[in-house]
Amino acid sequence: MTKTFGDGMLEVEVITGRTLNQGATVEEKLTEEYFNAVNYAEINEEDFASLGLQEGDRVKVKTEFGEVVVFAKKGEVPKGVIFIPMGPYANMVTDPSTDGTGMPQFKGVKGTVEKTDENVLSVKELLEAI
Amino acid sequence: MHHMLHIKNGIVIDPKNGVKAEKMDIFVKDGKIVEEGEISKNEAKVIDASNKLVVAGGVDMHAHIAGSKINTGRTMRPEEMRVVRLIANKFRTAVGRVLLTSPAIGYEYAKMGYTSAFEAAQPPIGALHTHEELDSIPMVDKAALPVFGNWHFVLKYVAEKDMEKLKAFIAWAIERTKGFGVKVVNPGGVEAWMYGGNVSSLDDQVPGFNVTPREIITSLVKATEELQLNHSVHLHCNRLGVPGNYETTVESIKLVDGIKNDSRQVLHVTHVQFNAYAGDSWRTVASGAEAIAKTVNAMDNVTIDMGQPIFGHATAMTGDAPFQFTLHRLTGSRWSNKDSEIEGGAGIVPIAYLPKNPVHALQWAIGLELGLLTDSDKVVLTTDYPNGGPFTEYPYIMAMLMSKKMREGELERVSPFVQKASNLPAIDVEKSLEEVIHMTRSLPARVLGLPNKGHLGVGADADIAIYDLNPLEVDTSNDFEKIYKAFKTAVYTIKDGNILVKDGEMVDEYWGKTYWVDARGKADMEAIKDDLNEFFSKYYTVELQNYGVEERWLKKPERIVI
Amino acid sequence: MAETVNVVCTFCGSVCDDGQFDTEKFKSKKLCKLGSSKFSEKERIKAPMVDGKEVSYEEAIEKAAEILVNAKKPLLYGWASTVNEAIRLGVILTEKVGGVYDQCASVCHAPGTLAVIEEGLPGGTLGAIKNRADVVVFWGANPMEAHPRHGMRYSISAKGLLIKDRKQRKVIVVDVRPTKTAKLADEFIQIKPGYDYPIISALRAIISGNADAVPDEVGGVSKEKLIELAETMKNAKYGAVLYGLGVTQSRGRDRNIENAVKLIQLLNRHTRWVIWPMRGHYNVVGAGEVPAWEVGYQYAIDFSRGYPRFSPAEFSAVEVLKRRDCDAALIISSDPVAHFPRAAVKHLKEIPVIQIDPFPNMTTLVANVVIPSAIAGIEAEGTAYRMDGIPLRVKKVVESKYWSDEQILERLLEKVEELKR
């Protein structure tokens, strides 16, 4: 169930994964193309509207493990789920605990998403923020 | 490294050359056994072998030591890998209980005085993987037998009775896989497994093809003989692991009645213990070893190997995928399976042989019965590693074959079921040291078609083992503990003239050769060109041009052109 | 003169071996978007560097050897995008320096390896699927984005021995979102994130005749739908479950796969089914197979005692970094700075890092020693294992000034041996 907080904040589950563009630029990590391939979140259309978002707006995604600002995009995800392509932006908020398996929980991390005026950091700025 | 050796005063047993425990010297130069006059005595390194047994290095003709099967076994069974044998120092670290890492395989063979080992089932499309692992096994010479009995090309040519194409295909496949000979695993049965079935006799129709196991076996034997490959067809019979299967084994052996080859058998039937069960259920199961041994003894063109189980841990891994599923259902244990393009399949299941388990004890007894009742010139000593257990227990089998007293002691600790279901307790045969040396050296070398292996005659490879055992003094019936201990670790293991082991400790690392057979000159290779193109474009997922292994990718290839 | 040659693609686990490459124009044909990007000109690391200063290969390797030999416990990580010949040297190098060997599967499909330890892997090659599978289930896998030609060559529209037409195969996608692959499927079953395990349990219950125990809805899927899926599975002649990171990276991880393997075991009592992971990098399989034969395990291997110990909870790269239990790192053909959670990346910023890679990436930004390498499959040859373990030799089709990973590691191993003497 999607809970709405005051000030247009939504409780969501964050999932990550490969995309064609992420893959096609993965060997060019320090380029604009890679930056554009991994710096956004896909949000369900209804959630997108309820957050008062327009294409090109930025959102802040927060989890227990960190926060990150990314561009907001309408996407075919269920309500209450946001998808961030695998990469440095997603990894600011993924769950590093591996439960003894060595594998962090890259999919299904509880968090919140809200509209923000803050900038999307460049890949290099992101590294400094770690 | 010394390029000349003078092995002095050893007691030599060399069955191929008729040497029966004689005190004599052996001379080595440039990796070969030579005449005394070939070496200069003051340059040669002298090894004092006084009162010690000097024999050719052991030849393991059937073990699963390399490729996707054993490696999946390692992955599936980390509990197998936790036994530490060697900490990294001058040598690589070596680990493993029964399943061993590649370095450990080479090291353990060398310590035991074995200098050659053959991978017994190479999935053709995985050939490169098999060779990568063989190239990671130090110390020994090696080779691999690609698997043919369910490969669609074979089924097609057998159905069409096209011997010329079958021959060309075998030559093509052995060259592409850098393989050594023709392995056949449950012919037709693995193809039936693709539909969830198996075959239950030599005359079942293979689904999708108008052929039977009988036709597959006889056609492959005929083609192999016409090509005159070094090694004969190497058959894992149908109905493995099923009570009553000994009849199918006998029937399979008789298929080659009348086919002749002057230098070797025309059919080698492998790990026969698993195919030597009488009875019609696990309740009524009994030994069928005697009937098989009689059949083999009565023929002059068939050899077998034992597939002796060793009590303790083992891992069943075969190209017989339907059998592996049956075993998984029987034991409830982990199960890996691999259906392989249009070539066949494979499976892996952990197992442990327990002396008090009636069936396991019977399997143990049947293996020994086969070893004892079959002519020593026709049965090779194997455990079908790791199916029957570790190859490192070959000395146990050697000692058991030579001592009834040892067997009586062992029979006391196993399930009494053996007393009624097998003849082992009644067998008085005690093999001689010479026979057991033959079964582990000269015989497997002859079966494989390797004239320079398994003996110490002039011109042979200088693969030599020296054991702390004086054959002129030892009482093999009673000194079984001494025998076991002596064969466990060699005093010297010499490979191609290099001393690898001294006093049971490794002193040098060495990389042996990989043999492969090139028979392309014996067949019309053009005959199968169109079929290859068609099958690869329709049924394969790799391009024909990218299929196979080039010689230059191997560490030390040795091409045998026939 | 322009020349078009056959290439074996070194991007994803599909390892398509039917690529065409124009060595003059540096352009490929037949490959997908990912493969074409692989076989195109990109920015490279120009020269070996130590602390940002360009140096020779010899100098960079010497420095790298010093770092490794002086470290108490270095982490050697990556390996999934290089060839087996390099991986083998890497395993031996890790053994020599008493470090930790880990590879990309650790943050990808390694939970599947843990499931193999529990239950095995009843599988088949991609050719077996292409030839025989009349039902294919993609579970938490999206090949249209991660392995774009997989469907065409092996699994969706691929034709073979028994399947002569796309209509003869039913393709089902189970996922949390309607992926590109879901759109090509005959059926899409949308599940709630993290509910793979109970859904698989429900299928097992239905197939073993215990449908009564299944509630009306499991993980967002109705009982009717589950019964229908179970029937489809039972009635298949030859089925294949191909699973992806949707299963390995979400709640339950290795237990999800274990449960799925149990489902396959059960289905084989009725008909034929296989299960296989959709492995990501072109040689991530080799990065596990090579250490398995050399030292017994696939990943998360510690050599600090001189022999291998396997424990993902302790020796996986993420755990080692989070615990700050390594004092240097060698990263090869991988970018953990971009792909690890930030808690793990933090420690990488604080220790000496050696990078071997053809391309600059985020790890380059934290590396003290950077050693550029030839691109395997274009500028260097070697063996790689397709996702189903089929070995293929990737080719060298272009001359390069860069050293191959194999050459670099061979020299590095020699240097380390010299320094340790």
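Trainee: Which radius of gyration does chain C have, with its 421 residues?

Mentor: The radius of gyration is taken over C-alpha atoms, and the globule rule is 2.2 Å times the number of residues to the power 0.38. For 421 residues a compact globule would come out near 22 Å, and chain C has 22 Å, which agrees. This is a predicted model, in which local features need pLDDT of at least 70 and side-chain atom pairs count only at pLDDT 80 or more, while totals for chains, interfaces and linings use all residues. Residues are numbered from 1 along each chain as its sequence is written, and chains are lettered from A and ligands numbered from 1 in the order in which they are written.

Trainee: How many helices and strands does chain C have, and what does its C-alpha trace span along the principal axes?

Mentor: Helices (H or I, at least four residues) and strands (E, at least two) are DSSP runs, numbered from the N terminus. Chain C has 18 helices and 22 strands, and its C-alpha trace spans about 70 × 55 × 30 Å along the principal axes.

Trainee: What share of chain C counts as buried?

Mentor: A residue is buried if 20 or more other C-beta atoms lie within 10 Å of its own, exposed if 12 or fewer, and partly exposed in between, with C-beta atoms placed from the backbone. In chain C, 67% of the 421 residues count as buried.

Trainee: How does that look for chain A, with its 130 residues?

Mentor: Of the 130 residues of chain A, 52% count as buried. Chain A has four helices and seven strands, and its elements run β-β-α-α-β-α-β-β-β-β-α from the N terminus on. Its radius of gyration is 14 Å, close to the 14 Å that the globule rule gives for 130 residues, so chain A is as compact as a globular protein of that length. The C-alpha atoms of chain A fill a box of roughly 40 × 35 × 25 Å along the principal axes.

Trainee: What part of the contacts in chain A joins residues at least 24 apart?

Mentor: Two residues are in contact if their C-beta atoms, placed from the backbone, lie within 7 Å. Among contacts in chain A between residues at least 6 apart in sequence, 74% join residues at least 24 apart. In chain C, residues 24 or more positions apart account for 68% of the contacts with a separation of 6 or more.

Trainee: Which domains does the assignment give for chain C?

Mentor: Domain bounds come from an automatic or database domain assignment. For chain C it gives domain 1 (44-108 + 282-420) and domain 2 (110-277). Their C-alpha centres lie 34 Å apart. Nine residues of domain 1 are in contact with six residues of domain 2. By class (Ala, Val, Leu, Ile, Met, Phe, Trp, Tyr, Cys and Pro nonpolar; Asp, Glu, Lys and Arg charged; the others, Gly among them, polar), the domain 1 side of that contact divides into five nonpolar, three polar and one charged.

Trainee: Which chains share the most contacts?

Mentor: The size of an interface is often given as the accessible area lost when the parts come together. Here it is given in residues: 46 of chain B are in contact with 49 of chain C. The elements that give two or more residues to the chain B side are α1 (68-76), α2 (78-81), α4 (127-134), β18 (336-340) and α19 (529-539) of chain B. α1(B) gives the most, with six residues. The chain B side has 18 nonpolar, 18 polar and ten charged residues. Of the two pairs of chains in contact, chains B and C share the most contacts. Chain A and chain B do not touch, and their nearest C-alpha atoms are 15 Å apart.

Trainee: Which strand of chain C is joined to β18(B)?

Mentor: Two strands pair if DSSP finds at least two bridges between them. Three bridges join β18(B) to β8 (residues 122-124) of chain C, and the two run parallel. The bridge partner of D339(B) in β8(C) is G124(C).

Trainee: Where in chain B is D503(B) found, and is it buried or exposed?

Mentor: D503(B) is found in the loop between β23 (498-502) and β24 (505-506) of chain B. Its phi is near 50 degrees, a positive value in a residue other than glycine. D503(B) is exposed, with 10 other C-beta atoms within 10 Å. In chain C, D51(C) has a positive phi of about 50 degrees although it is not a glycine. D51(C) is found in the loop between β4 (49-50) and β5 (53-54) of chain C, and it counts as exposed with 11 C-beta neighbours inside 10 Å.
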